Amino acid sequence: MRYEWRKIIRWLPRVVSVFMLVFSLGFFVAGSQIGFTVLAKLMIASFLILTMVVAWQSEPIGGAIYIILGSISLIVGMGAQLPLWHFYAAIPFFFTGSAFIMDYIYQEKKDQEEDIDF
């Protein structure tokens with residue numbers, strides 16, 4: 001059972017980041033009514049792809065980027081006085097960033113425990 005939790009902790013943020021990317025690409029293809037231009041949608045999707053690649057290579061940096069994106073989403077939502085449901089878009093960013101950072105801490109702890117055991 002312990003090994004299964006390790007796999008879940010490892011792959012959960014990666015799966016959520018892929019779902020976020022697919023969701024953003026769905027907005028790009030379907031044409032959302034939020035008022036973004038095609039260029040803005042393309043920039044958001046490419047930035048999410050870049051963030052996902054960085055997070056898969058370096059978990060603490062990628063996690064921090066996701067948390068910063070969530071904070072930016074909240075700040076922009078408050079500044080534009082958007083409806084409440086726009087604020088819920090920040091939740092996946094905070095969750096994914098926290099999950100990447102937790103995975104990094106968990107992996108480092110496991111590596112240290114394996115180094116100590118003789």
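**Aromatic pairs and a surface patch**

Val-22 lies in helix H1. Please keep in mind that this is a predicted model. Val-22 belongs to a nonpolar patch on the surface, together with Trp-11, Val-15, Val-18, Phe-19 and Trp-56. The accessible area of these residues together is about 580 Å². Helix H1, residues 2-30, supplies the largest share of the patch, namely five residues.

I turn now to the aromatic rings. The structure holds three aromatic pairs. In one of them, the ring centres of Trp-11 and Trp-56 are 6.1 Å apart and the planes stand at 85°, so the pair is edge-to-face. Trp-11 is in helix H1 and Trp-56 in helix H2, residues 38-57, so this pair ties together parts that are 45 residues apart in sequence. Trp-11 is partly exposed, at 47% relative accessible area, and Trp-56 is likewise partly exposed, at 35%.

Another pair is formed by Tyr-66 and Phe-100: their ring centres are 6.0 Å apart and their planes lie at 10°, so the pair is stacked. Tyr-66 is in helix H3, residues 59-79, and Phe-100 in helix H5, 34 residues apart. Are these two residues buried or exposed? Tyr-66 counts as buried because its relative accessibility is 1%, and Phe-100 counts as buried at 0%. Ring pairs join Tyr-66 and Phe-100 with Phe-93 in a cluster.

Finally, a word on Arg-14. Its charged end sits over the ring of Trp-11, 5.8 Å from the centre. Arg-14 also lies over the face of Trp-56, at 5.8 Å from that ring centre.

Technical notes. Residues numbered from 1 in each chain as written. Predicted model: local features only at pLDDT ≥ 70, side-chain atom pairs only at ≥ 80, totals over all residues. Heavy atoms only, no water. Patch = residues over 30% accessible without salt bridge, like charges linked within 9 Å, V, L, I, M, F, W, Y side chains within 5 Å. Areas by Shrake-Rupley, 256 points an atom, 1.4 Å probe, with all protein chains shown as cover. Salt bridge = Lys/Arg side-chain N within 4 Å of Asp/Glu carboxyl O. Helix = DSSP H or I, 4+ residues; strand = E, 2+ residues; numbered from the N terminus. Phe/Tyr/Trp six-rings, centres within 6.5 Å; stacked < 30°, edge-to-face > 60°. Buried < 20%, exposed > 50% of the residue type's maximum accessible area, 1.4 Å probe, protein only. Lys NZ or Arg CZ within 6 Å of the ring centre and 35° of its normal.
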